[in-house]
Amino acid sequence: MCGLVGVLLPNGAQERANDIRRACDAMVHRGPDDQGQFFQGPVGLGFRRLSILDLTPGGHQPMTSADGEWTVVFNGEIYNFIELRRELRAAGRELHSESDTEVLVEGLSLWGLRTFDRCNGMWAVLAWHVPTQTLYVVRDPWGIKPLVTARLDNGWAFASEIGGLKALGCQIGELNLQVASHFLTTGELDIGDHTAFTAVRRLLPGRVYAYRA
């Protein structure tokens with residue numbers, strides 16, 4: 001299952017280190033096998049890992065590309081990662097694990113955001129691009145893997161679930177009565193980008209969002 005959290009704060013994310021650790025702890029049920037954090041300038045990322053494809057430390061997240069330009073946290077599975085790994089190696093990239101996360105981050109290094117067009121699978125990704133100081137937030141076309149966002153001070157916070165946002169210190173607002181009514185009549189909890197709480201938004205499926213510091 002796995003769980004991810006992230007913040008983008010123009011004044012610096014390091015001061016939120018304890019909050020990110022707290023958010024990771026709040027989502028331990030999503031990933032009991034490992035955890036990790038990453039801080040660089042305005043961005044902070046956290047991850048709880050459920051080991052599936054690569055059971056070794058080689059699948060540890062957050063993961064940074066060999067050239068240092070991309071760092072990602074990734075919840076999901078890329079079904080064609082073996083084929084993509086062959087393409088990367090044919091292009092001269094060295095890969096050191098059996099992890100689809102390494103394929104993703106090195107793919108971003110080589111192909112940029114077009115990597116997601118090559119992927120067959122399901123994903124929720126926070127991808128920090130150092131040269132442009134941009135945090136890309138990406139969901140798979142079917143929206144299988146959850147990802148929500150809320151305002152945090154003068155920046156943004158992201159998490160796999162609303163409990164992670166609360167642990168980061170976000171105000172999630174009040175119960176969204178429109179969503180509650182829709183759920184009671186249809187059984188569906190989400191309406192577009194709305195969620196059960198008024199201050200929380202759902203990142204829409206198949207989208208690539210760009211947040212610049």
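Across which strands does helix α3 lie? Helix α3, residues 100-111, lies across β4, β5 and β6, and runs at about 130 degrees to β5. Helices (H or I, at least four residues) and strands (E, at least two) are DSSP runs numbered from the N terminus; the angle, from 0 to 180 degrees, is taken between N-to-C directions of lines fitted to C-alpha atoms, for helices over the stretch in contact, that is, with heavy atoms within 4.5 Å.

Please note that this is a predicted model, in which local features need pLDDT of at least 70 and side-chain atom pairs count only at pLDDT 80 or more, whereas totals for chains, interfaces and linings use all residues. Residues are numbered from 1 along each chain as its sequence is written, and side-chain values use heavy atoms, without hydrogens and water.

The sheet is open, with five strands in the order β4-β5-β6-β7-β11 and antiparallel pairing; two strands pair if DSSP finds at least two bridges between them. β4 (63-64) and β11 (208-212) are at the edges with a single partner strand each, so one side of each has no neighbour in the sheet. Within it, β5 (residues 70-78) and β6 (residues 121-129) pair over nine bridges, with Thr71 opposite Trp128.

Elsewhere, β2 (residues 34-40) and β3 (residues 43-49) pair in the antiparallel sense over seven bridges, and Gln35 stands opposite Arg48. Two residues separate these strands in a hairpin, where Gly41 in the turn has a positive phi of about 55 degrees.

Finally, the protein chain contains six helices and eleven strands, and its C-alpha trace spans about 55 × 40 × 30 Å along the principal axes.
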